[in-house]
Amino acid sequence: MNQIVSKIIMYTEAPHDSILMELSSICADLREHRQSVEELTKRVFGQVKQLLIVATDYGFDRNLWHDYLTFLLITNENPFSITCEKNGAKEGSVNAFAKNDFKAYKELFDYDFEWIEQELGIDCFSRLSDYRAIGKPELMYNKNVSEKVRGLSEKLNTAQDEEQFFAFVTEFYRRYGVGMFGLNKAFRISSQDHGPGVVFHPINNMDKVMLDDLIGYEIQKKKLVENTRAFVQGRKANNVLLFGDSGTGKSTSIKAIVNEFYEQGLRMIEIYKHQFKDLSQVIAQIKNRNYRFIIYMDDLSFEEFEIEYKFLKAVIEGGVETKPENVLIYATSNRRHIIKETWSDRDDVKIQNGMHQSDTMEEKLSLVNRFGVTISYSKPGQKEYFKIVTALARRAGITMSEEELCKEANRWELSHGGISGRTAQQFVNYLSGSI
């Protein structure tokens, strides 16, 4: 195995390839009898354990060795894979290096571990080639990742040579991309432990809600879809502010829009208020990727003493560096103007040509004015509330009569936060748990 791995040029030093490198080292030491059988067996079992951990994290099944190698290929960001993500598999000198690596990976796919098992008196590799996960694996890992890994793994297992290997892998890059952005829909960020920059963390359990799941608000959803569709198609689009009453579906709409347009290259990065100072670093790391990114800010609002909104203003519009075309900002807020307003804001009002002007008020409004699309989500009336309750109840399989549903829903909202879509969902959850 070490002879095969030594031929690889670009697909090395990936963050997850330590298992491959360590197994390669074990094979070399076993052939040269550099360690005892007991020591080598212990090292093998250590890597098998690591492989099982990765398999559990990402939902590998059946042939864990093939799934692991496939995972390395689709998470390794190198000059070839990044180029394929952006431009497809064009003719170029780098293709020769890639095919060299794919020939080596094809040999690794077909590698026969039987000699190691015989030398050490073990059978773990035979078991890993026909592995069956226990229980419900979809509860333990990002199903979105596992399906892609296993789908490509099965194709690569049928490849006759490096040319077919090349075709399968590059098609995957073209369709989904490479690395974590290719495998995941949404991300959070954290600051680097040492030095500048940020680290992206995939959100593995993102809500699978779709826009049709949100009852009502058809005009609001239509505006959001139209703006997002223009964005993912490379046309001009605007930053979006969804504002209005709590529990009306603002955050749900944005999650749903990411699910709707994921296959077209849309990704979401969730950022909190205290991270606004890192916005320029985030944009620097994503501006050259072949994806469309929504930077999502939930429940956006500022008190008078908070100045983080100035970072946001500069990034949205007004800074020296132009915001990349593949980045938009979508935010939700319970406040129409985001920044808290007070009567003292009017102290510097001046009347000029019949117009009332205030520098303080203009400063506070300047942020919301940078959102080209503002969409209002107001609380439903009682009739709309009952319609939402009825639709959610029927989806949940609740057969209670509409009259009884409305009666109980009315009683529920009086003691649970008033009329809203969130209250309706909570009521239906309560009924589902009571049956």
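Tyrosine 217 counts as buried, at 14% relative accessibility, where buried stands for under 20% relative accessible area, exposed for over 50% and partly exposed for what lies in between, with a 1.4 Å probe and protein chains only. The residue sits in the loop between β2 (198–202) and α12 (218–232), and its phi is positive, about 55°, although tyrosine 217 is not a glycine. Helices (H or I, at least four residues) and strands (E, at least two) are DSSP runs, numbered from the N terminus.

The model is a predicted one, in which local features need pLDDT of at least 70 and side-chain atom pairs count only at pLDDT 80 or more, while totals for chains, interfaces and linings use all residues. Residues are numbered from 1 along each chain as its sequence is written, and side-chain values use heavy atoms, with hydrogens and water left out.

Histidine 33 also has a positive phi of about 55° without being a glycine. Its place is the loop between α2 (18–31) and α3 (37–58), and histidine 33 is exposed, with a relative accessible area of 63%.

## The seven-stranded sheet

Seven strands form an open sheet in the order β2-β1-β4-β5-β6-β3-β9, with mixed pairing; two strands are taken to pair if DSSP finds at least two bridges between them. The edges are held by β2 and β9 (373–377), each of which has a single partner strand, so one side of each is left without a neighbour in the sheet. Direction ignored, neighbouring strands of this sheet are turned by 25° against each other on average.

Strands of a sheet pair through backbone hydrogen bonds, in either a parallel or an antiparallel sense. For strand β1 (residues 186–191) and strand β4 (residues 266–270) the sense is parallel, over three bridges, and alanine 186 has methionine 268 as its bridge partner in β4. Helix α13 (residues 250–261) lies across β3 (240–244), β4, β5 (292–297), β6 (327–333) and β9, and runs at about 150° to β6; axes here are lines fitted to C-alpha atoms, for helices over the stretch in contact, and angles run from 0 to 180 degrees between N-to-C directions.

## Helix contacts

Helix α17 (residues 382–395) and helix α19 (residues 421–434) have axes that come within 9 Å and cross at roughly 40°. The crossing of α17 and α19 is right-handed, meaning that the near helix is turned clockwise from the far one by less than a right angle. On α17 the contact (heavy atoms within 4.5 Å) is made by Tyr385, Ile388, Val389, Leu392 and Ala393, and on α19 by Thr423, Ala424, Gln425, Phe427 and Val428. Of the residues in this contact of α17 with α19, eight are nonpolar, two polar and none charged, where Ala, Val, Leu, Ile, Met, Phe, Trp, Tyr, Cys and Pro count as nonpolar, Asp, Glu, Lys and Arg as charged, and the others, Gly among them, as polar.

Glutamine 47, in helix α3, is buried with a relative accessible area of 15%. With neighbours within four places in sequence left aside, glutamine 47 is in contact with Ser18, Ile19, Glu22, Leu23 and Ile26.

## Salt bridges

Side chains of opposite charge can pair when their charged atoms come close. The whole structure holds 15 salt bridges, a salt bridge being a side-chain nitrogen of Lys or Arg within 4 Å of a carboxyl oxygen of Asp or Glu. In one of them, glutamate 77 pairs with arginine 289, and the closest N and O atoms are 3.4 Å apart. Glutamate 77 belongs to the loop between α4 (64–75) and α5 (79–87) and arginine 289 to the loop between α14 (279–286) and β5, so the pair ties together parts that are 212 residues apart in sequence. Arginine 289 is buried at a relative accessible area of 12%, whereas glutamate 77 is partly exposed at 41% relative accessibility.

Another salt bridge joins lysine 106 and aspartate 110, with the closest N and O atoms 3.3 Å apart. Lysine 106 is buried, with a relative accessible area of 13%, and aspartate 110 is partly exposed at 45% relative accessibility. Through salt bridges that share partners, Glu22, Asp29, Arg34 and Arg43 are joined into one network.
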